[in-house]
Amino acid sequence: MEVEIATIGGYEAVGRQMTAVRAGDDVVIFDMGLNLSKVLIHDNVETERMHSLDLIDMGAIPDDRVMSDLEGDVKAIVPTHGHLDHIGAISKLAHRYDAPIVATPFTIELVKQQIKGEEKFGVQNDLVKMSAGETMQIGERNELEFVNVTHSIIDAINPVLHTPEGSVVYGLDKRMDHTPVIGDPIDMKRFREIGREGEGVLCYIEDCTNAGRKGRTASEAVARRHLKDVMTSIEDYDGGIVATTFSSHIARVKSLVEFADDIGRQPVLLGRSMEKYSGTAERLDFVDFPEDLGMYGHRKSVDRTFKRIMNEGKENFLPIVTGHQGEPRAMLTRMGRGETPYELDDGDKVLFSARVIPEPTNEGQRYQSEKLLGMQGARIYDDIHVSGHLRQEGHYEMLDALQPQHVIPAHQSLEGFAPYVDLAENQGYKVGRDLHITRNGNMIQLTE
Ligand SMILES: [Zn+2]
């Protein structure tokens, strides 16, 4: 059987991930993501109303025109998890394929909300829920399996396409967490089995994000302990404490909510995406928040809540807000600019349970936000965080578990691939033979 891989997006930079695998007559698409920084760099762009081709030209969504060179039928579109760089282009591209979108329950819910917000295309693809550990027949000879992984968003999986020539493992995005705060540990046992059963692993596509960093990525349990340490240390402070983190990082939000209670403050979630992700996770029973936990997304209800906090005393609350990257329209940035009823005083604490995504736009915006907060007297606690991506020893363990015949580095720039290429070469792979460094829009034929 012929197996080939189309590297459509995410092979030149992080963002707009999309890869297609053809096995015989069947094609499966993994991820359909958005590169948000390409959108934010323009003022007032509303992607909801934009046409796909314009977004492709901006570099915001994958250029899927290479799909016409793949001879076969698309049988499934499979987003691995709910981050925008993996699902953000579904509302712009999925309608071109007569195939269901297959994902875990939390991811499907986020896809559904995204499709609802789309104004240009009526995306009508079936939405099929499949959980980690489950399989689905693809055509007559292939099978799709979801393996549970741990990442900075809940319900993440790595999909595996089992073909008669061996398995294709799509390895974006994960860290090896054996003590996650929500959900099950990464299923390394299953990866090791897949590496040894049948024809073994034909190809492994890997997220190279932290490949240049030594050692292993710490568990979410470590970020949780770090957060507890910081919050306990300011337990006696009688002024304002404000926290921010990735809205989609439900495990982190859960820790913030619990520790707020431990130090005698009422947590409240503020900002549109805070309300969206946490509300969805609670509705689907992934997390059990206190019944009276307030979540407010709309500007008016947010401002009303801030007024209430000021009236009842800042020392009684922990607002958990959007704006960890200094996004101009996010809540924390507005607080820094003095645009909300919440007034910061000298010595008030601002907790960033996040790391700046190393990208010039983010770095600039975050710098500005911190300066504005600092000018009002706020003290900054930064980097209370662990990454959602594997470091070197994780990458080594994955290669050891899967023993793939071919390896394709992904989810990075050419510069970002370099440390991974070193690591893979040390494991016996050779560039041009079985280690494929590629760009967006290429085909890699694995078997004839
Ligand atoms: Zn991700």
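Analyst: A polar contact is a pair of N or O atoms within 3.5 Å; within protein, one must be able to donate a hydrogen and the other to accept it, and residues adjacent in sequence count only if both atoms are side-chain atoms. This is a predicted model, so local features need pLDDT of at least 70 and side-chain atom pairs pLDDT 80 or more, while totals for chains, interfaces and linings use all residues. Residues are numbered from 1 along each chain as its sequence is written, and side-chain values use heavy atoms, with hydrogens and water left out.

User: Which side chain makes a polar contact with the side chain of His86?

Analyst: His86 is in helix H3 (residues 84–87); helices are DSSP runs of H or I with at least four residues, strands runs of E with at least two, numbered from the N terminus. At 0% relative accessibility, His86 counts as buried (under 20%; exposed is over 50%, partly exposed in between; 1.4 Å probe, protein chains only). At 3.5 Å, its side-chain partner is Thr80.

User: Which residues does UniProt list for "binding site", and why do they gather at one spot?

Analyst: The entry is unreviewed and lists Asp85, His86, Asp173 and His411. UniProt positions are in the numbering used here, feature names are shortened, and annotations may be inferred rather than shown by experiment. The four span 327 residues in sequence, yet they gather at one spot because no two of their C-alpha atoms are more than 10.6 Å apart.

User: Is His411 buried or exposed, and which side chain makes a polar contact with its side chain?

Analyst: His411 lies in the loop between strand S18 (406–410) and helix H14 (414–426). With a relative accessible area of 1%, His411 is buried. Its side chain makes a polar contact at 3.3 Å with the side chain of Asp207.

User: Why is the pair of Phe30 and Tyr170 stacked?

Analyst: Rings of Phe, Tyr and Trp (its six-membered ring) pair if their centres lie within 6.5 Å; planes under 30 degrees apart count as stacked, over 60 as edge-to-face and the rest as tilted. By this rule there are three aromatic pairs. The ring centres of Phe30 and Tyr170 are 4.9 Å apart, and the pair is stacked because the planes meet at 20°.

User: What is the angle between the planes of Phe306 and Tyr342?

Analyst: Phe306 and Tyr342 are both buried. Their centres are 5.6 Å apart. The pair is edge-to-face, with the planes at 65°.
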